[in-house]
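Let's take a walk through a protein model together.

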Amino acid sequence: QKEEWKLHQLECQAISALTEERKKMLTPTIRLMVKLILRRKLQSEKAIPSSATDNYDLVDALESHISKVDDNQLVLYAQMANLVQLILPSIELDLKEIAHTFSKFACNAHTICDPELRPLGTGLFPAISIINHSCVPNAVLLFEGRTAYVRALQPLSSNTEVSISYIETAATTLKRHNDLKQYFFTCTCPRCIKDSEEDALLEGYRCKDQKCDGFLLPDSGKKAYTCQKCSISRDEEEVKKVSSEILLLSDKASSFLSSGNNSEAGSVYKTIEQLE
């Protein structure tokens, strides 16, 4: 509290003055914006120090992708900017700039996690936000307290670009690309541009021929899934039906496990294996 007092006393005063109804509207993103504005104010007044990795110029340099944001999200950013002005009435704010900064948060902020990857809060680390994404990253982002560290996952030569993953990598290419839409780019890392055999393994659809150990690959031209070994196809609707059955059986198995009926759960899982 002593270390943060110059900043926190302003934040505390502003939030304490709000009505209970408005306090309920304080999402982590809005709290982060309030702290960012107060931090910029105190740094400009030389009340708190700034540094090469802690100054508002770094935030200005971040990409907002505001031109790609849909109209509904723009309206939400405008509403959030108005709420920030209500929280900080004594500071003259550029609401358009605040809306742009909210858009920067969407594609640059990080979820701060503990060592067991449980989310603790939201932070903006501009120096780390410039690191590009890869689905086969050579580094990982970790947190110790509120400090962010980028640690190499392998030996890196001096000219190697450092990359981290913005998303959960244990997913199919389609799922990963959907998760990356919020960052407004399509990943072209080696994992994303190679063949989809890994995706078939992750999806878990087996060949229709019980004697074949191949996996089904999507065949968009035929609207079917074709085995990469024997070329036998399963209709797309058939695969969807199997997926629905697996989902229902998985829920059933979970219910058995919750009630302590492990033998029944085991039988259901065997049925799932046959379907897959």
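We'll start with the aromatic rings, then turn to charges over rings, a hairpin and a surface patch.

First, some housekeeping: this is a predicted model, so local features need pLDDT of at least 70 and side-chain atom pairs count only at pLDDT 80 or more, while totals for chains, interfaces and linings use all residues. Residues are numbered from 1 along each chain as its sequence is written, and side-chain values use heavy atoms, with hydrogens and water left out.

Searching the whole structure turns up 5 aromatic pairs. Rings of Phe, Tyr and Trp (its six-membered ring) pair if their centres lie within 6.5 Å; planes under 30 degrees apart count as stacked, over 60 as edge-to-face, and the rest as tilted. One of the pairs is Tyr77 with Phe102, which is stacked, at 6.5 Å centre to centre with 10° between the planes. This pair links distant parts of the chain, since Tyr77 is in helix 5 (residues 71-87) and Phe102 in helix 6 (residues 95-108), 25 residues apart. Helices (H or I, at least four residues) and strands (E, at least two) are DSSP runs, numbered from the N terminus.

Tyr77, Phe102 and Phe105 form one aromatic cluster.

A charge sits over a ring if NZ of Lys or CZ of Arg is within 6 Å of the ring centre and within 35 degrees of the ring normal. Arg40 puts its charged end over the ring of Tyr56, 4.4 Å from the centre. Likewise, Arg151 lies over the face of Tyr149, 5.0 Å from the ring centre.

Strand 1 (residues 110-113) and strand 2 (residues 119-123) run antiparallel and are joined by 4 bridges; two strands pair if DSSP finds at least two bridges between them. Ile112 has Gly121 in strand 2 as its bridge partner. There are 5 residues between the strands of this hairpin, where Leu117 takes a positive phi near 65°.

Last stop: strand 4 (residues 139-144), where you'll find Val140. With 30% relative accessibility, Val140 counts as partly exposed.

How values were computed
Buried < 20%, exposed > 50% of the residue type's maximum accessible area, 1.4 Å probe, protein only.
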